[in-house]
Every structure is written in C-alpha cells, then in structure tokens.
Amino acid sequence: IFGMVAIVWPGITLYVLALIFAVFLLVQGSVSIVSGIRSLSENKSWFLRTALGFVEVGIGVYLLSSEVATKVEVFVIYLGLVFLLEGIVELVEAFANSKDNGHRLLTGFSGVLAVIAGVILIRYPITAGVTFAWVVGLYGIIAGALGFVYGLSLRSSK
C-alpha cells in the first residue's frame, strides 16, 4: 500500500514521507527485534535480524525527534542505509536458513532489490532525493507482492 501511495502521489512532501517512513521503521524494527529473539534456537542469522531491528528503531526515533526530515540528502542516505542493511540481512537469511527453494528465491530476490535501491540512494542522494518516492514505491510494490505470494504459498502448503 505504501508503495502504491508513493507512486500515485509523488508530490507528497519529504516531511510527510519521512514521518511515515520513521513510523514504518519503528514498527518494522520492533517486529525484527521480537522475531530475531524468538528464533534464537532455529535461525542461524537471528543476531543480524535483531541488530537490524535496533538500527531501524534508532533511525526511526532519530527521524521523529529531529529536523532531519527537512534535509533531503541526510534523509535519503539514512533511507539507503536501511535498504542496504535490510537487503544484506535478507540475502543472508535466504541462503542460511531456508530449506524451501521458493522462499529462498523470493527472499533472495527481495534482498537483491533492496541492496540495489540502497546503493542508488546512498551513491546519488541529491538526484535520488528528487525521485526516491518512486524508488521506495517500486520497492514496496515488488517486495509487498513477493511477500504476498510467499504468504499464499505458505497457506496452500498447509
């Protein structure tokens, strides 16, 4: 849904997107921390997921409590860093934990997309700052669709 909104309304101000993204990071980071800790015994990369959760919560709190949202370059670099870290964790999880080839493929593909988006945002923060709503929107749509497909495959396997 976030991806669709970013594509349909690219003129939304950076401040509003920064706030939405900060809240998203708080929620995703909290979920990552809980899921990482809960999977201590069965997930080899639990530490990466938990550490990423703390980074996401920290960046979310920082964005909510400062004027970073008005500084396009800084915000876009933070955004790129989160995508890069999320992609690396997804790639590690795809090859370290999954025995299901379909899940491995979907998680690996999502990880590659996140790494590419992160590198572009970090490498070209000014240019990407103008178009990052589209980058985030496309990533959100693709990653959301992949997550939906994976969810359906899990449902049909039971």
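Glutamate 93 is buried, as is arginine 49, where buried means under 20% relative accessible area, exposed over 50% and partly exposed in between (1.4 Å probe, protein chains only). The model is predicted, so local features need pLDDT of at least 70 and side-chain atom pairs count only at pLDDT 80 or more, while totals for chains, interfaces and linings use all residues. Residues are numbered from 1 along each chain as its sequence is written, and side-chain values use heavy atoms, with hydrogens and water left out.

Glutamate 93 and arginine 49 form a salt bridge, with their closest N and O atoms 2.8 Å apart; the term requires a side-chain nitrogen of Lys or Arg within 4 Å of a carboxyl oxygen of Asp or Glu. Because glutamate 93 lies in helix α4 and arginine 49 in helix α3, this pair ties together parts 44 residues apart in sequence. Helices (H or I, at least four residues) and strands (E, at least two) are DSSP runs, numbered from the N terminus. Arginine 49 also meets glutamate 86 in a salt bridge (3.2 Å, N to O), and both of these residues are buried. Shared partners join Arg49, Glu86 and Glu93 into one network.

Turning to the rings, phenylalanine 83 and tyrosine 139 form an edge-to-face pair, 4.7 Å centre to centre with 80° between the planes. Rings of Phe, Tyr and Trp (its six-membered ring) pair if their centres lie within 6.5 Å, and planes under 30 degrees apart count as stacked, over 60 as edge-to-face and the rest as tilted. Both phenylalanine 83 and tyrosine 139 are buried.
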